[in-house]
Every structure is written in C-alpha cells, then in structure tokens.
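Thanks for coming. I will go through one structure today, from the overall layout down to single side chains. Please have a look at it first.

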Amino acid sequence: MNIKLGQYVITSDPHQLILSEIKIAKEGKNAGQEVTATIGYYPKLEQLIKKIITIEVRKDDIQSLQDMADKIDDLSITLSRQIREAQI
C-alpha cells in the first residue's frame, strides 16, 4: 500500500499502517529535496485517520467547539475523497 493524501503518505507492512509526512529537507545531504518523516505506526486505519485529524486540528486557530466540528467535518470529507481517488 502506498497512498498519498496531500502532505501525508500512508504505507504498510504485513503488521501495520505507517503514516509519514512529506517535507522539504532544510539541511544535510538532502537539503532542498522532498523527504518523508515517519509520524507513527498504527494497527488500524481508524487510528491513523484520527492522528491526521488531531495534527490538522492542532495546526489551526480553533476558537470554538463549532470551529473544531467544522474542521473535523472538512477533513473527513477531504480524506474520504482522497482515499477513494487513491484506490482507482
């Protein structure tokens, strides 16, 4: 499995799903190049999706529970669409 979801990449091995983030290296031999940084390892897709939502909610300037609910709804729709497109 190798699914790109915006700035994230989901890969897998026989035991788990692996969530990585695509970044541009700022220093070292890969400076200026696109690299992936592992965020975590998850036994279930649901846990991986929850982690993406948590990261994205923390990045935003959430001022109310309604703002948070709207952000989660938007992310859910976006992630669902991107996963469907990746399966085609």
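**Surface, sheet, core and salt bridges**

The protein chain exposes about 6,300 Å², and carbon and sulfur atoms supply 50% of that area. Keep in mind that this is a predicted model. The C-alpha trace of the chain spans about 45 × 30 × 25 Å along its principal axes. Of the 88 residues in the chain, 28% are buried.

Now the layout. The chain has two helices and four strands. If you read along the sequence, the pattern is β-β-β-β-α-α.

How are the four strands arranged? They form an open sheet in the order β1-β2-β3-β4, with antiparallel pairing. β1, residues 2–5, and β4, residues 34–42, stand at the edges with a single partner strand each, so one side of each has no neighbour in the sheet. From one strand to the next, the twist averages 25 degrees.

Strand β2 covers residues 8–12, strand β3 covers residues 17–24, and five bridges join them.

Next, helix α1, which is residues 45–59. This helix lies across β1, β2, β3 and β4, and runs at about 30 degrees to β3.

In soluble globular proteins, nonpolar side chains tend to be buried together. Here the largest nonpolar core has 16 residues, and the ones that touch the most other members are Leu5, Ile10, Leu19, Leu48 and Ile52.

If we leave aside its neighbours within four places in sequence, Ile52 is in contact with Leu5, Tyr8, Leu19 and Leu79. For the chain in general, take the contacts with a separation of 6 or more: residues 24 or more positions apart account for 30% of them.

Last topic, salt bridges. How many does the structure hold? There are three.

In one of them, the side chains of Lys50 and Glu46 meet at 3.2 Å, N to O. Both residues lie in helix α1, four residues apart, which is about one turn of the helix. Glu46 is exposed, with a relative accessible area of 53%.

Another joins the side chains of Lys59 and Glu56, again listed at 3.2 Å, N to O. These two also lie in helix α1, three residues apart, about one turn of the helix. The cut-off for buried is under 20%.

The remaining one is between the side chains of Asp60 and Lys71, at 3.1 Å, N to O. Asp60 lies in the loop between α1 and α2 and Lys71 lies in helix α2, so this pair ties together parts that are eleven residues apart in sequence. Asp60 counts as partly exposed, at 35% relative accessibility. Lys71, at 18%, counts as buried.

To recap: an open sheet of four strands, helix α1 lying across those strands, a largest nonpolar core of 16 residues, and three salt bridges. That is all from me.

Definitions and conventions. Residues numbered from 1 in each chain as written. Predicted model: local features only at pLDDT ≥ 70, side-chain atom pairs only at ≥ 80, totals over all residues. Heavy atoms only, no water. Pairing = 2+ DSSP bridges. Axes fitted to C-alpha atoms, helices over the stretch in contact; angles between N-to-C directions. Contact = heavy atoms within 4.5 Å. Core = buried A, V, L, I, M, F, W, Y, C linked by side-chain atoms within 4.5 Å. Buried < 20%, exposed > 50% of the residue type's maximum accessible area, 1.4 Å probe, protein only. Salt bridge = Lys/Arg side-chain N within 4 Å of Asp/Glu carboxyl O. Areas by Shrake-Rupley, 256 points an atom, 1.4 Å probe, with all protein chains shown as cover.
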